[in-house]
Amino acid sequence: QDCYEEAMCYYAYFRSWRASLTFLDHQTIKLGRSILSKIDGEDDTASTACIRMLQILASALVETKETRDNTDTVSAAMRFFICHETYLVSDICVELASIIDQVTMANQGKRMREMQMSNYHQKVISVHIQLLTNLSYRCKDIQDLLRQVMVGPERTGLHIIMSCTSVSHACFGLREWAVVAMRNLLEDNFENQQLLEMLAPQEAINSDALASLGFGIDLDSRGHVQVV
């Protein structure tokens, strides 16, 4: 009887999340479309509510010591549903790419530590990267989906998450979340590891302009660029 009651509680809990996720699946599209026209400090009620719901969802997916090795949990069911029944992951990747591109363009010519991002964009990019981090924890379906989702002709979800580090100086904590996200995406996933290896520098190509100045570049044993 106790097991039956527990199962019913889990089912009711999951059904409530399913209803929320269906709402989020539609609202994230509206949120993404509104980002371009947002002015810092003018968050509307719908966008604020959507961000808050995504924060709750990200927090609900955090695994404890008791659940991290158990695949038969509510959080595991939520990951499966999000991956196979919604467009939430792909929509988030599109939104992240949009923010990263905007911030990069707005900060052209600035040093990394001088980069700036609006408070609104900081909220959106932070909750999205946190959600993707927790979704991909030991979930191969989400790991694979983020490799397969295409944002434009050349970028995948993996590219987008790695790109977050390029604007991390403008958003406190973003770099750390992006690093954890990549750790989760690469864990026990050979295909993702292969893709990341393909993105690593293979060789240094010197130009005539550098040579005329008496400089050259090379890669050290760790793949880092160095001036020679």
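How many salt bridges does a search of the whole structure find? The search turns up seven. Keep in mind that this is a predicted model.

| Salt bridge | N to O distance |
|---|---|
| Arg79 and Glu63 | 2.7 Å |
| Asp144 and Arg147 | 3.0 Å |
| Glu191 and Lys140 | 4.0 Å |

Let's start with Arg79 and Glu63, whose side chains meet in a salt bridge. This pair links distant parts of the chain, 16 residues apart. Arg79 sits in helix H3, which covers residues 74-85, while Glu63 is in the loop between helix H2 (45-60) and H3. Is Arg79 buried or exposed? Arg79 counts as buried because its relative accessibility is 3%. Glu63, at 15% relative accessibility, counts as buried too.

Next up is the salt bridge between Glu191 and Lys140. Glu191 lies in helix H9 (residues 190-199) and Lys140 in helix H6 (residues 140-148), so this pair ties together parts that are 51 residues apart in sequence. Glu191 has 35% relative accessibility and therefore counts as partly exposed. Lys140 is also partly exposed, at 39%.

Then there's Asp144, which forms a salt bridge with Arg147. These two are three residues apart in helix H6, so about one helical turn separates them. Both Asp144 and Arg147 are buried.

Which residues are linked in a network of salt bridges? Lys140, Asp144, Arg147 and Glu191 are.

How values were computed: Residues are numbered from 1 along each chain as its sequence is written. This is a predicted model: local features need pLDDT of at least 70, side-chain atom pairs count only at pLDDT 80 or more; totals for chains, interfaces and linings use all residues. Side-chain values use heavy atoms; hydrogens and water are left out. Helices (H or I, at least four residues) and strands (E, at least two) are DSSP runs, numbered from the N terminus. Buried means under 20% relative accessible area, exposed over 50%, partly exposed in between (1.4 Å probe, protein chains only).
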